[in-house]
Structure formats: C-alpha cells, structure tokens
Amino acid sequence: MRIVVFCCENSAYQAARQSRLPAEVDLIRLPCGGRVEVLHLLRAFEGGADGVLVLTCQEDNCQSLHGSARARHRVEYAKEILKEIGIDPERLQWHPVTSNMGPRFQKIVADMVEGLKLASA
Amino acid sequence: MARWGAFICDGAGVDESSLAGAEVVVTTTLPPQAGDLACKLIGTWTRYNLDGGILIGAVPELVEELLKESLRQAGLDPFRLVVVDLRGRDKEGKDREIKAALTRARHLEPTHWAKAKVEQRALIIGGGAAGLQAALSLRQLGLPVLIVEKEESLGGRLGKLDGLYPYDVDPQGWIKSTIATLQEDPEVEILTASKPLALAGQVGDFILEVQTPTGAVTRRGGAVVLALGSKVRWPQESGLEPGPRVVGLSRLDELTRFRLRHKKVAFLLDLDELGSRVGTLSALRGALRIKDNWGSEVHVLCRHLKVDGKPLESMYRKARDMGVLFFKYEEFPQVTESGEEVTLQFKDPDLEYMVVEEAYDLLIVEEELLPAGEELMEAWSVSQPANVRLYPVATNRKGIYMVGCCRDEMDFPGAIQDGTVAAGEIYALLGEGDLLYEEDRVKVRSEKCVFCLTCVRICPHGAAEIDLVQEAAFINPAACQACGMCAADCPAQAIVYKGFDNEGIMAQLEMGGR
C-alpha cells in the first residue's frame with residue numbers, strides 16, 4: 001500500500017513532524033496548498049498510490065490567503081475525474097491541519113489506511 | 001554536476017548504507033546540539049565547496065530554521081539544504097524519506113540573490129490618530145515620512161472630539177502637540193487637502209501620485225501605511241430620520257459645545273443586532289459628557305452593553321453612579337415624534353418585559369461605522385482578510401500596512417498601538433537600507449506565456465505584473481511571497497517555481513511507485 005500526502009510546509013508538514021507515521025506514507029512538501037495541481041494528484045494515482053491526501057492550512061489561516069481554498073477546489077475537481085475513470089473518489093481527500101495538530105495528522109493517515117484496507121478486503 | 005554532501009545527525013538510526021547509489025561527495029556525522037551542528041555543517045560545506053546538503057535525522061522545525069539562517073549569514077544558499085526529519089518513521093519509512101530527499105535535491109537549482117536599495121521613506125495615507133502615531137514612531141526610528149490628508153487639517157475623527165473618557169487624554173492637546181512635533185521636523189512632509197491618485201511600484205520602491213491643491217505631485221517610498229479611517233452611515237433600516245430631535249452619535253461633541261440644554265436625553269444603541277464596542281464606548285462617553293455639561297436626565301437603551309476590561313467597566317459604573325439609567329430591549333423600540341418630544345416605547349427583558357414608555361427631548365442614535373477607502377484598496381489590490389498571519393497590521397501586499405479604524409473598529413489606544421506596530425514592521429523592512437530577495441524563485445518563461453493574466457488575477461500578494469515590452473507576465477521577486485499558486489494555475493505552464501517545479505514533484509511521485 002502507498003499513500004501520498006501533499007503537505008503545506010507552513011502547517012501540515014510541521015504536524016507530520018510531530019506524528020508517528022506508517023511506512024507506506026510518502027510526504028511531499030509544498031510551499032503552500034495552492035501549489036498543488038490536479039495533474040500532481042492524478043499522477044500520484046498513476047504512479048501507484050492507493051490513497052492521496054492533500055493537507056493544508058485552515059482556510060482562513062492560509063499565509064497565501066486563498067491557497068488552502070484553491071487546494072480544496074482542485075481536490076474536488078480531481079475527485080470528479082477519478083469518478084469518471086472508475087477510481088473511488090474517497091481515495092483522494094483534503095483536510096485542513098494546523099502546524100500543532102500532530103495527533104490529527106496521524107488520525108487522518110490512520111483513517112485513510114483503515115479505509116483502504118476495507119476497500120481492498 | 002552538482003556537489004552534494006550528506007549530513008547524518010547522531011542517533012538518526014540510519015547509516016551510510018541508506019545513501020547507497022546517491023551522488024554525494026562527502027558524508028559526515030553531526031553532533032546532536034544545534035549550535036555545534038551549524039558549525040560543523042557550514043565547515044564541511046565550505047571545505048568541500050558543496051552546492052548543497054542533505055540533513056538527515058531528528059530535525060525539528062526550529063533547528064531547520066536556525067541552520068538555514070546560519071547558512072544565509074555564512075553566504076551559503078539556505079534553499080539548498082534539504083532536510084529529512086526522520087522522527088516518527090520506522091526503518092522502511094526512513095529509507096523512503098531519504099530517497100525522496102535525494103530526488104528533491106537532484107532537482108534543486110541554485111538560488112540567485114539580489115539586493116536592492118530601498119526608498120527609506122514611508123508614505124502614510126491619512127492623518128488621523130493612527131496615521132499620526134505611525135509618523136511619530138517612524139520618526140523616532142529615524143525614517144522620513146510623508147503624510148497625505150484629504151481634509152484641510154490633520155486629526156481625523158479624533159480631531160472632532162472634545163474629551164476622551166475613560167482615557168486620560170485630551171484629544172485636541174494630543175493632536176496639537178503631535179502636529180507641532182511633526183511640522184518642526186524637516187524629514188516630515190505633510191500634504192493636506194490632498195488626495196492619493198495612483199500607486200505604482202512594489203515593496204522598497206512605491207511611487208505615489210498625489211493631487212494637491214496646487215497640482216499633482218509624485219513621491220517615492222519603500223512602504224505604505226493606509227490609515228484611511230472610518231465613515232459614518234445613518235441606520236436607515238431603523239426607519240428613524242435625522243432631525244432636530246433625533247441626531248447621530250457622531251455629532252455629540254458638536255452638540256454639547258452649544259449652551260442649549262436638553263432636559264431628558266436617550267441614547268439608542270445596537271441598531272444592527274450585534275452592535276459595536278465603539279458604539280457602547282461613545283455612548284458612555286456621551287452620557288458622562290451630557291451629565292457634566294447639561295446635567296440632564298440620561299437613559300441608555302441597548303441590547304447588550306459591551307463593556308470589556310477595566311476602563312469601560314469603570315466608565316459604566318461611573319455613569320450609573322451619576323444617575324444614568326440603562327435599559328435593555330430585544331424588540332426594536334417604537335419611536336414616535338411629536339412636536340418637541342420623541343417618545344420611545346419598549347419592553348425591557350430585565351424588568352420582566354414591562355412596557356416602558358418615556359418621552360425625551362433629544363434622541364441620540366448609534367450610527368454604523370464602516371471602514372473608509374474601499375475604492376482605494378480595490379484600485380491598489382490591497383486586502384486584509386481576518387487571517388492570523390496578517391494580524392494586526394499587515395496586508396496581502398508586502399510593504400503595505402493598514403492601521404486604525406480602516407481595518408477594525410477601534411478606540412484611541414487601539415489606533416496608537418496600530419501606528420506603533422506598523423512603524424516597527426516598516427523599520428524591520430526598510431531600516432537596513434536594502435532589501436534582500438531571491439531573484440528567480442518564481443519566474444515566468446516569457447516565450448511560453450500567452451499573456452492570459454491568470455497569474456495577475458490570482459496572485460494573492462499582488463506580485464504578478466504585466467511586462468508590456470516582453471508581452472508577458474512578470475512576477476516581481478521583491479513582492480513575491482513564494483506560495484506557488486501562479487505556477488499551479490498557469491494554463492500555459494509558463495511559470496516555474498524553483499525547488500517546487502513540476503519535474504521535481506513528479507520525480508518524487510514516481511520514485512515511490514512500486
């Protein structure tokens with residue numbers, strides 16, 4: 001199993017540093033949630049990811065003001081594409097995580113692992 | 001071929017075998033203390049003339065920041081330090097993290113730094129309390145200032161007030177002495193009865209065009225302070241009409257200067273459900289003032305009195321001691337005007353909804369205070385959403401600050417604090433005399449740019465500009481805050497974000513695939 005986690009450097013990446021992560025997680029550090037492209041999300045699945053998470057700042061707390069909102073919109077759009085090509089859109093998720101939310105980061109990843117295990121059972 | 005070094009922290013739980021296949025010229029083990037770590041890192045980096053380093057181990061964010069700052073001060077490129085924080089990862093996870101870091105490192109190009117001289121002057125738009133305080137503080141820090149004021153005289157809303165309960169400040173005195181200090185100072189230019197026309201340029205070198213009574217002038221400055229104040233709006237929705245018996249709270253000082261005495265006065269607050277703290281403050285101030293000047297009977301009608309903190313609470317108690325009566329209402333009172341009287345009929349929940357009917361010879365109504373200068377902000381792409389990263393005075397644009405009532409409803413101490421804070425931030429920005437920035441972190445490849453202006457529209461920091469000569473967009477490197485939003489949204493993929501370019505991100509994605 002492989003889970004790709006796109007992390008905003010200002011928030012989720014700092015949270016990742018405070019959490020215990022399973023081996024199958026690949027962290028991709030981004031300067032801001034707004035940097036993530038639909039192409040990156042799809043390419044992650046193409047590269048064999050079973051789940052993709054986009055974890056960015058709280059929406060009204062983004063250093064680039066609407067970077068986090070843009071990330072969410074792109075995730076929503078990519079979910080539509082996944083639906084069309086027959087991949088369960090639940091395999092792609094966006095969540096806001098602040099820099100001090102290590103436990104929440106861990107929980108989101110654990111939930112994703114759990115969900116994927118159920119889906120493959 | 002880039003020369004990379006690998007630095008493995010003591011107790012990282014990895015050894016050189018994790019780096020198998022990597023093209024590194026040196027591998028060093030580092031001590032656990034951050035200070036020693038910086039010395040050894042920089043020492044090895046310079047000795048081997050490295051282009052970059054991969055730091056592997058338990059590296060908390062603060063240590064990473066410290067090391068990057070140390071590198072910057074040593075004249076090395078902090079962006080070429082790739083940090084792999086291995087905390088919380090098991091053996092397999094560690095290997096994957098290291099592999100990803102090596103992939104990232106391969107795609108990192110060197111950063112080019114540029115240093116630009118800044119205009120050390122600050123351009124202050126608005127000469128109210130906050131703007132004047134910003135000017136005073138900036139002068140104390142040694143930076144020249146320009147003040148542009150639309151009225152004939154400085155002072156803003158504060159200048160219209162006679163007294164400032166609960167604060168022991170005489171507004172007229174404060175304004176007078178502040179203006180005197182500023183006018184004596186040869187490094188202060190004051191343009192009154194003037195209007196800003198246009199703002200060009202970016203942080204470090206803004207160009208402001210001002211319409212003065214004697215014609216348009218142009219001034220340059222490294223930073224801009226917007227102290228645009230507030231405007232008063234009559235609460236039309238209430239159905240009340242201003243007249244001789246019904247007046248707005250903002251006209252209180254003007255009224256109490258007259259000898260004409262009203263025997264019974266009511267304040268009507270919280271017209272818009274939530275009401276405002278400044279409304280409560282002004283009404284309490286007004287109630288005390290009327291008691292002092294006229295000795296009238298005073299009632300205050302509100303939904304909730306907003307008395308936070310000691311100064312307001314003590315003012316409220318003082319008003320009560322002086323005989324001011326406070327009533328609450330939930331349903332908006334019925335107001336009837338007849339000849340010399342205004343009658344209010346309402347139900348007070350604290351009096352078990354008893355119907356109260358009282359006639360007054362003056363009704364003072366709380367108006368809505370709105371931030372002024374929206375047109376200016378829109379024209380200059382300045383915004384200040386409620387965002388903790390900008391709090392209190394920063395805006396979306398680097399080098400532009402907002403202070404006083406144009407950013408939030410505020411009392412006098414708030415305005416003073418804002419002006420001081422903005423001055424401090426501007427000093428941090430311009431005090432050195434030059435601005436250091438990365439010249440090509442985010443760059444438009446002009447040959448690929450189709451001039452669609454997507455970046456200009458979406459850049460949250462107003463850093464995307466138009467280069468008419470090249471017929472391409474241009475990301476101003478001094479104003480750019482490197483979020484990468486433009487690189488993600490550019491339909492022509494013409495914008496490259498060094499260190500986070502598509503090739504690098506894709507390589508990391510492919511590397512993990514099995």
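Two residues are taken to be in contact if their C-beta atoms, placed from the backbone, lie within 7 Å. With that in hand, chain A is a handy place to start: residues 24 or more positions apart make up 68% of its contacts with a separation of 6 or more. The model is a predicted one, so to speak of local features a pLDDT of at least 70 is needed, side-chain atom pairs count only at pLDDT 80 or more, and totals for chains, interfaces and linings use all residues. Residues are numbered from 1 along each chain as its sequence is written, while chains are lettered from A and ligands numbered from 1 in the order in which they are written.

Chain A holds four helices and four strands; helices (H or I, at least four residues) and strands (E, at least two) are DSSP runs, numbered from the N terminus. Along the sequence they follow the pattern β-α-β-α-β-α-β-α. The C-alpha trace of chain A spans about 35 × 30 × 20 Å along its principal axes. Of the 121 residues, 55% count as buried. Here a residue is buried if 20 or more other C-beta atoms lie within 10 Å of its own, exposed if 12 or fewer, and partly exposed in between, with C-beta atoms placed from the backbone.

Over in chain B, an open sheet of four strands runs in the order E2-E1-E3-E4, with parallel pairing. Two strands pair if DSSP finds at least two bridges between them. At the edges sit strand E2 (24-30) and strand E4 (81-85) of chain B, each pairing on one side only. On average, neighbouring strands of this sheet are turned by 15° against each other, direction ignored. Helix H1 (residues 34-47) of chain B packs on the sheet and touches strand E1 (4-9), E2 and E3 of chain B. The direction of H1 makes about 160° with that of E2(B); axes are lines fitted to C-alpha atoms, for helices over the stretch in contact, and angles run from 0 to 180 degrees between N-to-C directions. Five bridges link strand E3 (residues 52-57) of chain B with E4(B) in the parallel sense, and Leu55(B) stands opposite Val83(B) in E4(B). In the loop between H1 and E3 of chain B comes Asn49(B), a residue other than glycine with a positive phi near 50°. Asn49(B) is exposed, having 9 other C-beta atoms within 10 Å.

Strands E19 (341-348) and E20 (354-360) of chain B run antiparallel and are joined by seven bridges. Thr343(B) has Ala359(B) as its bridge partner in E20(B). The hairpin has five residues between the strands, and Glu352(B) takes a positive phi near 50° there. Glu352(B) counts as exposed, with 7 C-beta neighbours inside 10 Å. Another backbone feature is the cis peptide bond that joins Tyr391(B) and Pro392(B), with omega about -5°. Pro392(B) has its place in the loop between helix H9 (374-379) and strand E23 (400-402) of chain B.

Then there is the meeting of the two chains. The contact takes 35 residues from chain B and 31 residues from chain A. On the chain B side, helix H3 (91-106), helix H12 (485-489) and helix H13 (502-511) each give two or more residues, and H13(B) gives the most, with five. By class, this side has 16 nonpolar, nine polar and 10 charged residues. For that count, Ala, Val, Leu, Ile, Met, Phe, Trp, Tyr, Cys and Pro are nonpolar, Asp, Glu, Lys and Arg are charged, and the others, Gly among them, are polar. Gly504(B) lies in helix H13 of chain B and is buried, with 20 other C-beta atoms within 10 Å. Leaving out residues up to four places away in sequence, Gly504(B) touches Arg104(B) and His107(B).

Finally, the largest nonpolar core has 118 residues. Such a core is a set of buried Ala, Val, Leu, Ile, Met, Phe, Trp, Tyr and Cys residues joined through C-beta atoms within 7 Å. Those with the most contacts inside it are Val5(A), Cys7(A), Leu55(A), Ile124(B) and Val225(B). Helix H10 (residues 412-430) of chain B supplies the largest share, eight residues. Not counting residues up to four places away in sequence, the residues that Ile124(B) touches include Val148(B), Val225(B) and Ala227(B).
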